[in-house]
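Colleague: I have some questions on this complex. Can we go through it together?

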Amino acid sequence: MTQTRQYCTFRLDRYLFGVEVEQVQEVLRYMDMTCVPLASQAVKGLINLRGQIVPALDLRRMFQLEARAEDQRPMNVVLLTADGVVSLLVDEIGEVMEVQEADFEPKPETLRGVARDLVAGVFKLPGQLLLVLDTARAVDVNAVAEIGSGTQLKGVAK
Amino acid sequence: MDMDNPEEMDELINEFLIESYENLDRLDQELVELEKDPSNAVSMASVFRTIHTIKGTAGFFGFTRLGAVTHVGEHLLSRLRDGELHLTAEIASALLALVDAVRQMLSVIESTHKEDAAEYTDLIDLLSRLSAKHAANIAPPPAQELATQAPLTSAPAVQVEAAKPIPATPAVTPALATGLAGKSAVSSMTSAAAPVGQADTGKSSVAAENNIRVGVGVLDKLMNLVGELVLARNQVLQFTMHEDAAFAATSHRLNLVTAELQESVMKTRMQPIGSIWSKFPRVIRDLATQCGKQVELLMEGNETELDRTIIEAIKDPLTHLIRNSVDHGIELPELRKAAGKSPCGRIRMRAYHEGGQVNIEISDDGGGIPVERVKQKAIEKGVLTAEQGARMSEREAFHLIFLPGFSTAEKLTNVSGRGVGMDVVKTNIERIGGSVDVYSRFGQSTDIRIKIPLTLAIVPGLIVTCGGDRYVIPQASLLELVRLEHDKVGERVEQIHGATVYRLRGNLLPIVYLERILELTSRQRSACEALNVVVLQAGEQSFGLVVDEVNDTEEIVVKALAKQLKGVGVFAGATIRGDGKVALILDVPGVAQRAEVFSSTRIQSIAPTATREAATAQAQELLLFACGEQGRMALPLNAVARLEEIPRAQVERLGSQEVMQYRGQIVPLVFLSKLLFKEAAPVSTAAALQVVVCSHAERLVGLVVDNIFDIVHEAVVVRREGGRVGVTGSVVIQGRVTELLDIEAAVRLAQIEAPWAKAVA
């Protein structure tokens with residue numbers, strides 16, 4: 001009998017991502033935000049989360065994926081991190097999945113660039129891969145900005 | 001009480017610690033006072049009581065080492081009190097060392113709930129040796145006896161001070177008071193009526209009834225909640241426009257109550273600045289002794305109150321500044337005598353409220369800042385070119401000491417090097433929205449002036465729009481609002497080569513466009529579009545910030561920015577507005593710095609650490625003007641006070657000197673073309689004269705030029721040294737050879753003799 005773990009999943013472009021349920025404070029539909037001039041590319045804006053000002057980070061920009069279509073409104077995966085509450089902007093919220101630890105594999109050696117830095121590992125699910133987001137790295141936008149360009153997500157896409 | 005209950009014991013120990021820390025803080029100050037005036041029986045009694053209380057309680061808890069150290073200290077104090085010994089500097093130092101040791105022991109007890117292993121034998125030896133002097137044959141009295149002796153000294157103090165009861169008086173136990181004869185017994189009875197059985201706590205029961213201790217965490221939470229309430233109130237007020245009268249009345253009431261609550265909660269967090277100043281007499285005394293100097297400290301405005309977060313933030317910078325004053329400001333006594341000053345240096349600290357801000361001044365009558373050496377040092381370090389140094393005003397030069405790693409101290413002491421850490425002082429003060437300025441007269445004095453906001457949590461702000469988004473400007477930085485209608489824009493805003501200035505009542509005000517600062521995709525501004533200019537103060541300088549719209553003022557709750565946005569630099573925080581939207585709060589000094597409005601910030605940006613191109617490094621603002629038929633000249637804009645156009649008829653004569661009246665002053669005029677080109681003064685082709693009013697050596701002089709072309713922001717390379725008097729050299733600006741005017745030489749050449757108006761700063 002192997003251990004199971006729960007992941008909150010979401011879609012970004014063609015990929016399925018997951019964040020451990022314990023780290024997620026809540027998931028929300030699109031929220032209005034105030035953009036922050038001069039800030040890092042990854043910071044899409046600030047949202048008012050019941051009186052708390054929370055930065056919204058655009059995962060598409062961080063993974064150097066194409067920008068979302070104008071009419072496609074991102075959703076918020078709100079994380080509770082050591083540095084406070086942060087929202088990740090994703091394309092679509094998925095279900096909470098229960099996965100077997102036995103299916104976990106560390107990130108492939110072939111993974112390069114931004115993806116290597118932001119993906120902690122992969123769960124091999126039937127028919128698709130679940131990429132585990134390294135949330136600690138993801139919210140550290142200043143460090144992410146330093147990583148060279150050139151996305152290599154293709155290596156793990158099906 | 002249940003001694004076996006560990007929780008109860010912990011609580012008791014905690015109480016003991018809090019009280020002892022408070023008493024020890026007071027002790028530092030009292031000992032320094034006692035050293036100045038050893039006959040001050042009140043201070044002596046209070047010092048004695050504190051040590052005695054700690055000793056007694058230490059015995060109760062079984063802290064034997066703490067008991068031993070305080071016991072010898074108490075013995076020494078009793079000898080002093082009884083007049084058997086005189087308080088010398090040596091004894092005062094030993095007693096201060098005792099205070100430090102006790103503090104150290106208490107902090108160990110605080111963290112481990114056990115006693116320190118250190119024995120402090122050296123200190124005990126020193127204290128007993130000092131108390132044994134002169135009267136070696138008197139054995140230290142046992143602790144029991146001391147306990148009853150303790151309040152004796154307080155009695156005479158009561159007699160002296162009976163008119164206004166002071167905290168020291170309650171220590172008198174009624175038993176002793178009745179033991180005293182006649183009048184003194186009565187007076188001590190009246191003033192000491194309450195504290196029966198409280199002698200050892202040193203606390204008046206009246207104070208205890210009216211005050212309660214509240215944890216800082218509770219106050220912080222209250223403040224946060226009030227912040228939320230203010231936001232909710234702002235939101236509610238937005239609905240009142242359309243609703244019925246009853247709702248309007250209710251929200252009005254909510255508005256008032258919120259405002260009052262906010263103020264009251266804010267008050268609970270206020271602490272007098274004296275709570276950090278009280279440590280300074282001790283710091284100065286120790287430092288002065290160490291440096292062999294005599295220093296007197298005067299403090300004014302101890303009771304000036306500030307929010308506790310601000311108090312915390314300014315503690316270190318202030319300590320640093322006064323250490324600097326003692327170490328580098330105040331000279332050695334012999335030097336002071338030689339300079340005709342009193343051998344005892346004087347440091348004055350003053351705090352006062354002014355316009356919603358707190359001003360703190362630290363002045364010393366020491367050697368001042370040697371401007372030339374500061375400049376020299378900056379040139380050596382490559383922070384400044386020799387030419388920039390020569391042109392730099394005194395005040396700008398003083399600001400050089402705030403550059404990182406800048407020190408002119410000839411010898412580095414273990415205390416501080418003048419300038420080492422001054423950058424940290426500046427950064428820390430600016431971080432809380434304050435500013436720091438320095439003035440100095442070489443050989444005479446140095447004044448450091450700090451301005452800080454009262455509180456950081458809730459501030460009034462001006463809402464402006466730029467690029468479709470709302471931004472908040474803290475009102476503390478706001479000087480005035482100017483709206484320039486389109487017909488005035490072309491006339492009064494001169495906007496060439498990116499450096500824009502506006503003539504505001506004759507002053508040249510640098511203009512900064514917010515949309516450019518924020519790198520927003522700016523729409524094309526037509527040259528004569530109306531401008532909304534928000535005139536702001538950053539440090540001692542002002543500049544105009546152009547925004548799309550000026551909206552409203554609002555009380556805003558400042559929220560810190562997330563870590564992801566800390567590096568941006570132009571935002572001080574964010575807030576939630578009445579409509580629920582997030583708005584960014586502009587950091588005015590940050591905006592000024594980004595815009596490179598001021599020459600001093602420009603210098604900072606070319607410090608070796610900053611990686612900037614050499615070309616921009618030397619960029620400066622120059623005023624271009626015509627002089628004579630062909631002459632094209634420039635002078636640094638920072639030397640220019642105002643640009644004026646005066647009718648020729650206003651030129652008057654004072655002896656052989658042409659002068660004009662200017663703001664009630666007589667300002668000499670120098671006709672530059674006549675002076676430098678030996679041309680006749682321009683014949684009346686124009687009825688008006690173009691006058692560049694310059695401030696030179698604290699005086700005003702009017703340079704009459706033939707035409708004013710431009711203001712340029714350019715990197716200049718001086719091609720050669722000036723071939724003639726009055727010219728520093730020549731540069732190429734806008735593809736044309738331009739001569740740089742040497743104002744000083746020109747003024748000298750003009751031989752102005754008439755009484756000369758002092759410049760208004």
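Colleague: How many residues of chain B are in contact with chain A, and how many of chain A with them?

Modeller: 21 residues of chain B are in contact with 20 residues of chain A, where contact is C-beta atoms, placed from the backbone, within 7 Å. This is a predicted model, in which local features need pLDDT of at least 70, side-chain atom pairs count only at pLDDT 80 or more, and totals for chains, interfaces and linings use all residues. Residues are numbered from 1 along each chain as its sequence is written, while chains are lettered from A and ligands numbered from 1 in the order in which they are written.

Colleague: What does the model score?

Modeller: ipTM is 0.84 and pTM is 0.49. Chain B averages a pLDDT of 74, with 76% of the residues at 70 or above; pLDDT is the predictor's confidence in each residue, from 0 to 100.

Colleague: Where is the pLDDT of chain B below 50?

Modeller: One such stretch is residues 599-617 of chain B, which has 26 contacts in the model beyond near neighbours in sequence. Residues 757-761 of chain B also stay under 50, and there the model has 11 contacts beyond four places in sequence. Where pLDDT is low, the predicted coordinates should not be read in detail.

Colleague: Back to β17 and β18 of chain B. In what order do the strands of their sheet run?

Modeller: The order is β16-β8-β9-β18-β17 (chain B), an open sheet of 5 strands with mixed pairing; two strands pair if DSSP finds at least two bridges between them. β16 (549-557) and β17 of chain B are the edge strands. On average, neighbouring strands are turned by 35° against each other, direction ignored.

Colleague: What packs on the sheet?

Modeller: α11(B) does, touching β8, β16 and β17 of chain B, and its direction makes about 140° with that of β16(B). Axes are lines fitted to C-alpha atoms, for helices over the stretch in contact, and angles run from 0 to 180 degrees between N-to-C directions.

Colleague: Parallel or antiparallel for β8(B) and β16(B)?

Modeller: Antiparallel, over 8 bridges. B:Val464 has B:Val550 as its bridge partner in β16(B).

Colleague: Which residues touch the most other members of the largest nonpolar core?

Modeller: A:Leu57, B:Leu545, B:Leu586, B:Val670 and B:Val692, out of 135 residues. Such a core is a set of buried Ala, Val, Leu, Ile, Met, Phe, Trp, Tyr and Cys residues joined through C-beta atoms within 7 Å. Its largest share, 6 residues, comes from β8(B).

Notes. Two residues are in contact if their C-beta atoms, placed from the backbone, lie within 7 Å. Helices (H or I, at least four residues) and strands (E, at least two) are DSSP runs, numbered from the N terminus. A residue is buried if 20 or more other C-beta atoms lie within 10 Å of its own, exposed if 12 or fewer, and partly exposed in between; C-beta atoms are placed from the backbone.
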